[in-house]
Amino acid sequence: MNEFKKAEQILQSDFDRTIKERGESWIHYLDLVYMGIIQYELRNYARAISYFDKSLAEYVEFSDAKYYKGICLLHLNEDQNKVEILMKEAKKDSEKGYSRNEDNSFYEAYPYKVNWHMAKWTITNYKE
């Protein structure tokens with residue numbers, strides 16, 4: 001509902017509780033991506049990348065995390081070759097099926113799932 005600050009507070013509260021009760025390793029990689037997307041939407045690109053990296057540490061081939069990390073890197077004016085390599089890797093991972101659907105719902109896409117047919121990721125034509 002575009003209430004990203006509220007979403008950040010709720011998810012951070014859940015992270016804090018999980019860490020206290022079970023440890024940081026119990027935070028699910030998809031929750032880390034959601035927090036990364038929240039940070040992306042709040043234009044906290046470096047912070048978003050840190051969450052995408054934590055997610056990728058758990059699910060190395062997670063194409064959507066790589067895609068959003070690449071978009072954040074573009075916003076931070078990172079090396080375009082580095083971004084292009086990451087985006088190509090993300091697309092290949094997606095083609096291999098390395099993405100995620102919500103729990104036991106094979107046919108439903110989760111929010112912010114990358115649609116590679118519509119994705120505007122090329123360096124030369126990327127616009128926000």
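Select Glu84 in helix H5 (residues 80-95); helices here are DSSP runs of H or I with at least four residues, numbered from the N terminus. The model is predicted, with local features needing pLDDT of at least 70, side-chain atom pairs counting only at pLDDT 80 or more, and totals for chains, interfaces and linings using all residues. Residues are numbered from 1 along each chain as its sequence is written, and side-chain values use heavy atoms, without hydrogens and water.

Glu84 counts as partly exposed because its relative accessibility is 26% (buried is under 20% relative accessible area, exposed over 50%, partly exposed in between; 1.4 Å probe, protein chains only).

Next, select Glu8 in helix H1 (residues 4-21). Glu8 counts as buried, because its relative accessibility is 10%. Show the side chains of Lys5 and Gln39. The Glu8 side chain makes polar contacts with that of Lys5 at 3.2 Å and with that of Gln39 at 2.8 Å (N or O atoms within 3.5 Å, one able to donate a hydrogen and the other to accept it; residues adjacent in sequence count only if both atoms are side-chain atoms).

Then select Phe15, Tyr40, Phe52, Phe62, Tyr68 and Cys72, which touch the most other members of the 32-residue largest nonpolar core (buried Ala, Val, Leu, Ile, Met, Phe, Trp, Tyr and Cys joined through side-chain atoms within 4.5 Å). Helix H2 (29-41) is among the elements giving two or more residues to this core, and H2 gives the most, nine residues.

Finish on Phe52. Leaving out residues up to four places away in sequence, Phe52 touches Val33, Gly36, Ile37, Ala65, Tyr68, Lys69 and Cys72 (contact: heavy atoms within 4.5 Å).
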